[in-house]
Number of protein chains: 2
Amino acid sequence: MYRLCHPGDGEEAPDLPHGIVKRKRTLKRGETLYRAGEPFRNVYAIRYGSVKTSLVTDDGRVQVTGFHIAGELLGLSAIVTGRYNCEAKALEAAGVCEVRFDQFGELSRQLPSLQYQMLQIMSQELLHNQELMLLLGKKNAKERLATYLLNLSQRFEKRACSYTRFNLTMSRSDIGNYLGLAEETVCRIFSLFHEEGLVTTRSRQIQLNDLDRLKAIARG
Amino acid sequence: MYRLCHPGDGEEAPDLPHGIVKRKRTLKRGETLYRAGEPFRNVYAIRYGSVKTSLVTDDGRVQVTGFHIAGELLGLSAIVTGRYNCEAKALEAAGVCEVRFDQFGELSRQLPSLQYQMLQIMSQELLHNQELMLLLGKKNAKERLATYLLNLSQRFEKRACSYTRFNLTMSRSDIGNYLGLAEETVCRIFSLFHEEGLVTTRSRQIQLNDLDRLKAIARG
DNA sequence: CGTTCACTTGAAAGTGTTCAATTACTGTGG
DNA sequence: CCACAGTAATTGAACACTTTCAAGTGAACG
């Protein structure tokens with residue numbers, strides 16, 4: 001299957017036809033890939049590292065709309081308005097492929113599977129969004145955090161990483177702003193889970209000790 | 001511009017090439033279009049009426065993920081898994097066009113603009129989802145309801161309906177389950193807005209009396 | 001080694017929920 | 001057209017959960 005960009009650190013040749021404008025770009029921790037309001041020119045495929053996307057209200061409240069890792073595509077919600085509606089910021093050192101969106105028509109003529117792939121990717125994102133809505137609308141703090149940890153775990157599992165022990169690249173505050181909770185609440189629930197033996201946390205290093213019990217808490 | 005299906009009641013011919021399987025279907029109020037878990041075969045374009053989509057947890061909590069009206073497309077989040085992940089139910093008498101998804105590849109070969117259209121539609125939905133996440137994650141009850149009313153108003157405005165006076169086709173409970181609030185809270189805020197002269201409500205008939213003040217409340 | 005930022009914990013205060021009771025609709029059949 | 005039944009909407013009061021504010025601890029980095 002063709003891909004817009006291979007995940008991974010290496011310098012392997014991308015498996016796209018030649019002549020497609022595709023620029024690699026690296027980001028330092030905290031660096032911004034695009035900001036809300038900027039004209040939409042590119043979508044970005046993450047090669048490595050992690051990126052958060054977030055919306056900000058005029059009075060400064062932040063909603064993190066997603067944490068994205070290698071293989072994921074950023075910027076798709078900007079297609080319809082022609083401007084990015086959120087901002088994307090690297091959580092750690094990251095690498096992305098920049099793909100000019102105005103070449104997508106041409107691109108998908110050369111690669112008919114690309115069209116199908118885009119549908120898949122966007123559908124996946126819609127699905128994910130809906131699950132997040134359920135979480136934000138209907139779950140309490142414990143359920144939210146448990147759901148979140150299991151979700152991370154699954155994503156790591158797919159990528160052949162340890163799914164019981166990993167590093168959180170995002171701060172407690174980021175997690176709170178993603179889950180619709182105050183930073184302090186996130187801390188409290190972490191402590192609670194720790195006390196109950198569900199997880200072991202040492203700052204951003206986390207280990208899940210009882211996936212089943214976490215699943216029972218996460219429900220939904 | 002070609003469309004999958006014309007909104008409207010009429011029997012006007014759809015502007016699609018002949019030979020595309022496209023069945024019209026009508027729904028009574030409360031009737032289900034598809035359920036979560038069913039195999040994904042069709043996407044549905046709403047011709048008239050309104051449809052809600054919702055997720056349900058095993059313990060019965062409901063999250064309404066959207067209220068959809070004429071011109072909108074349903075079922076897109078099912079592409080990736082091959083099963084509908086939510087259920088779609090008519091809020092009032094409604095008509096839809098059923099479009100077999102396995103013919104989409106063929107279809108977009110005949111109608112190159114369809115591909116672009118799909119991207120637009122899905123991007124629009126992603127955008128809408130993100131706004132809803134901001135609402136669910138960061139706004140208080142008043143802000144949520146104000147945002148909701150203004151959103152409805154805008155949608156009616158686009159469709160050349162009155163944007164200050166309209167009928168809610170959904171129950172208070174549906175609104176609550178969409179906004180992440182209890183039904184009772186929705187009632188209370190309606191009453192509050194009523195007292196303050198912002199809106200006039202008579203059961204499901206609503207009139208917005210002060211858009212500016214509503215906007216000030218909705219913020220974000 | 002001190003400064004800064006992130007994280008943690010406690011106590012008080014809100015905000016929205018839950019449960020219960022009441023009132024208003026809607027639609028149906030007599 | 002009215003009465004009735006069933007559903008939807010509203011309101012009140014007590015309660016629960018999360019937030020806010022404040023203080024303190026810990027880790028990272030120059």
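A salt bridge here is a side-chain nitrogen of Lys or Arg within 4 Å of a carboxyl oxygen of Asp or Glu. Lys52(A) and Asp174(A) form one, with their closest N and O atoms 2.8 Å apart. Over all chains, this rule gives a count of 24 salt bridges.

The model is predicted: local features need pLDDT of at least 70, side-chain atom pairs count only at pLDDT 80 or more, and totals for chains, interfaces and linings use all residues. Residues are numbered from 1 along each chain as its sequence is written, chains are lettered from A and ligands numbered from 1 in the order in which they are written, and side-chain values use heavy atoms, with hydrogens and water left out.

## Two domains in chain A

Chain A is divided into domain 1 (22-134) and domain 2 (140-218). Such bounds come from an automatic or database domain assignment. The centres of the two domains of chain A, taken over C-alpha atoms, are 24 Å apart.

Contact means heavy atoms within 4.5 Å. By that rule, 17 residues of domain 1 of chain A are in contact with 11 residues of domain 2 of chain A. Buried area is the accessible area (1.4 Å probe) that two parts lose on being put together, summed over both. For domain 1 and domain 2 of chain A this is about 1,200 Å², with 51% of it on carbon and sulfur atoms. Phe67(A), Ile69(A) and Leu91(A) supply 41% of the area that domain 1 of chain A buries against domain 2 of chain A, more than any other three residues.

Polar links also cross this interface. The rule finds two salt bridges between domain 1 and domain 2 of chain A. It also finds eight residue pairs in polar contact there (both at pLDDT 80 or more). A polar contact is a pair of N or O atoms within 3.5 Å; within protein, one must be able to donate a hydrogen and the other to accept it, and residues adjacent in sequence count only if both atoms are side-chain atoms.

Elements are DSSP runs numbered from the N terminus: helices (H or I) of at least four residues, strands (E) of at least two. Strand S4 (50-56), strand S5 (62-69) and helix H2 (112-138) of chain A each give two or more residues to the side of domain 1 that touches domain 2. S5(A) gives the largest share of that side, eight residues.

## Chain B against chain A

Here 43 residues of chain B are in contact with 43 residues of chain A. The two chains bury about 4,100 Å² between them, and carbon and sulfur atoms give 64% of it. The rule finds 24 residue pairs in polar contact across the interface of chain B and chain A (both at pLDDT 80 or more). On the side of chain B that touches chain A, strand S5 (62-69) and helix H2 (112-138) of chain B each supply at least two residues. H2(B) gives the largest share of that side, 19 residues. By class, the side of chain B has 17 nonpolar, 17 polar and nine charged residues. In this scheme Ala, Val, Leu, Ile, Met, Phe, Trp, Tyr, Cys and Pro count as nonpolar, Asp, Glu, Lys and Arg as charged, and the others, Gly among them, as polar.

Four salt bridges are counted between chain B and chain A. The table includes two pairs between these chains.

| Pair | Closest N to O |
|---|---|
| Arg219(B) and Asp59(A) | 2.8 Å |
| Glu72(A) and Arg155(A) | 3.2 Å |
| Glu106(A) and Arg109(A) | 3.4 Å |

Arg219(B) lies in the segment after helix H6 (211-218) of chain B and Asp59(A) in the loop between S4 and S5 of chain A, so this pair joins two chains. Asp59(A), Arg61(A), Glu143(B) and Arg219(B) are linked in a network of salt bridges.

Glu72(A) is partly exposed at 25%, whereas Arg155(A) is buried at 17%. Glu106(A) and Arg109(A) are three residues apart in helix H1 (residues 104-110) of chain A, and therefore separated by about one helical turn. Glu106(A) is partly exposed at 39%; Arg109(A) is exposed at 62%.

## A positive phi

Most residues other than glycine have a negative phi. Ser203(A) has a positive phi, near 55 degrees. Ser203(A) sits in the loop between strand S10 (199-202) and strand S11 (205-208) of chain A. Its relative accessibility is 55%, so Ser203(A) counts as exposed.

Methods: Buried < 20%, exposed > 50% of the residue type's maximum accessible area, 1.4 Å probe, protein only.
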